[in-house]
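Q: I'm new to this structure and would like a close look at one part of it, the first chain. Please walk me through how it is built and how it meets its partner.

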Amino acid sequence: MIEVKNVTKKYGSTVAVDNISFDVKDGEVVGFLGPNGAGKSTTMNMITGFIEPTSGQIIVNGNDISKKQKKAKKDIGYMPENVPLYYELTAKEFITYMAELKMVKRNVRKQEVQEVIKEVGLEEVQNKLIRNLSRGYKQRVSMAGALIGNPDVIILDEPTVGLDPKQITEIRNLIKKLGQKHTVILSTHILSEVSQICERVIIINKGKIIAIDTPENLEKATKEKNSISITVEDPKDNMQNLKEKIKEIETIEFKRDNNDGTKQYIVTSSSDVDLRKKLFEVLPKEEIVIFELKKTETTLEDAFIKLIDKAKENDGIEKMQKEEVDNTQENDQIKNNVEEKEEKK
Amino acid sequence: MWAVFKKELKTYFLSPIGYITIGVFMLMYSIFFYLTTISYGSVYLGDLYYATARYGLLLMIPLLTMRMFSEERKNGTEQLLLTSPRSVSSIVLGKFFAAVTIILITILFSIVYAIIISFFGDVTIPTLIVTMIGFLLLAMAAVSIGMLASSITENQIISAILTIGILVAPWFLIDMSEIFSSIDLIDKFLGFATGTISIADVISLLSITVMCILITIILIKRRKTVK
């Protein structure tokens, strides 16, 4: 269990992480989502004890990371961003070194190293120098370093960056497997990754948490309209008049002509109405043949963009309000100055 | 400490640095062996160690210490070290003793010269041992200074130049004022080279070592909050 309480990190006057709080329960897979420079890595570095928060508290399995460092760090496996490795060591030597650093007992060390090598799929290259490994394998070595010692909590900072699609699926499956036994926190800016692997998502922007929820709920919450994609054969062009027949329709948008006599439209309604049944009833009467009818899902991507935009808007409003306040203050000052001058006269 | 020590020592021999350091040290020993004993027909080994110490400090210690923390910081591997349950002190000490071990190896190799001399005259073993102990203490102080320099920058060149500067500057500063002799390491080795142990020298070399190690530990711990 990880508890992050009112954590702030400042670099000089810039605030990298601004008073964030959340917790991660045992066995949960949590995704940390945000645009570049949102404070994801900073937060992860604080949870792992690499950097100290300016204020606030981080508790890992009941141990405060800045006070009971040894105990807390023992429970964490960390795969940092940019996969730092010792290139002059072989994969096996590196993992063994990590095992020693993590205080894995001598009598089980060899066995555990072999188990981890097997788990991440490094058997074939275990005796090669890390320098000579491909990016995908380097990533796995780094992940092995995080897994060794069987820590309760595994923290992965952008684990799939720079991999090819096949490697990405492999790493994702590995993370899913890890999620069965460990608490996993991973950061990423790839959204499909999160909706596939994570049970909960924390969206962070400019150092502030703007949403914590399940991927499904986030998608639902940010959904404003139901939209349906429909492909039809419509020789008499009756689609344009459909609005009059079905009152619930808000917009009908022509999307494209498929050049085989069929056309694609996007039909929207408010989110509490499902148009599909009505469309099936009405369209045949209008001599429109349905080829395809599909409800388009809002993706996490949409949710993410909406949330970020919303945060920006709020920022803008705050700024405007501030400026207004500044302006009124300035006006007051000018007034005072004028009054003073007049008094002097 | 042991884990870091083992890995560091291994790394010295996986890269050329370990071999080069030992090799060049042996070359220096050999050259000064010829210059200080053979060419004078002398059996006194103090000058050999003094000359090697002087130029070894200048050239080899910075080479040995420049990568200690700079490289870790540049490659990001310090993240692995500092997020492990090991304490900062054990990491620093592990690295420190690994570097000192390289010097210790060269000292042990240098016994060869004493063996050669013993064919031509008497080697005073106690004197030799005192000189070697002094050499080791001197190397420890120099390594700790190099390590400190390495912990403040991620650039290995800067770290090496800084170390050379700190080690060599007192040689010339002494001419300006006697005060600087207190920070001149080689000056403290002079006694050992003649076979005399002075408590003052031992304490000052050891205290420089301990001080630099402590500052290194403090700096690395402190970086956590400002980083």
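A: Let's start with charges: over all chains, the count comes to 18 salt bridges (a side-chain nitrogen of Lys or Arg within 4 Å of a carboxyl oxygen of Asp or Glu). This is a predicted model, where local features need pLDDT of at least 70 and side-chain atom pairs count only at pLDDT 80 or more, while totals for chains, interfaces and linings use all residues. Residues are numbered from 1 along each chain as its sequence is written, chains are lettered from A and ligands numbered from 1 in the order in which they are written, and side-chain values use heavy atoms, leaving out hydrogens and water.

One of these salt bridges brings together the side chains of Glu170(A) and Arg140(A), at 2.4 Å from N to O. That pair links distant parts of the chain, 30 residues apart: Glu170(A) belongs to helix H6 (residues 165-181) of chain A, and Arg140(A) to helix H5 (residues 135-147) of chain A. Helices (H or I, at least four residues) and strands (E, at least two) are DSSP runs, numbered from the N terminus.

Now for a sheet. S2-S1-S4-S5 is the order of an open sheet of four strands in chain A, and the pairing is antiparallel. At its edges you'll find strand S2 (14-24) and S5 of chain A, each pairing on one side only. Strands count as paired if DSSP finds at least two bridges between them. S1(A) is joined by five bridges to strand S4 (residues 55-60) of chain A, and the two run antiparallel. Look at Thr8(A), for example: its bridge partner in S4(A) is Ser55(A).

S4(A) is also joined to strand S5 (residues 63-64) of chain A, this time by two antiparallel bridges. Here Ile59(A) stands opposite Asp64(A) in S5(A). S4(A) and S5(A) make a hairpin with two residues between them, and Asn61(A) in the turn has a positive phi of about 50°.

A helix goes with this sheet. Helix H1 (residues 40-47) of chain A lies across S1, S2 and S4 of chain A, running at about 60° to S2(A). Axes are lines fitted to C-alpha atoms, for helices over the stretch in contact, with angles from 0 to 180 degrees between N-to-C directions.

Inside it, strand S11 (residues 225-233) and strand S13 (residues 262-270) of chain A pair in the antiparallel sense over nine bridges. Glu233(A), for instance, stands opposite Thr262(A) in S13(A).

The contact (heavy atoms within 4.5 Å) takes 27 residues from chain A and 24 residues from chain B. Together the two chains bury about 2,600 Å², 61% of it on carbon and sulfur atoms. On the chain A side, Phe50(A), Tyr86(A) and Leu101(A) lose the most area to chain B, together 26% of what that side buries. Buried area is the accessible area (1.4 Å probe) that two parts lose on being put together, summed over both.

Between chain A and chain B the count is three salt bridges. Among them, Glu93(A) meets Lys10(B) through their side chains, at 3.6 Å from N to O. The elements giving two or more residues to this side of chain A are strand S1 (2-11), helix H2 (69-74) and helix H3 (91-101) of chain A. H3(A) gives the most, with six residues.
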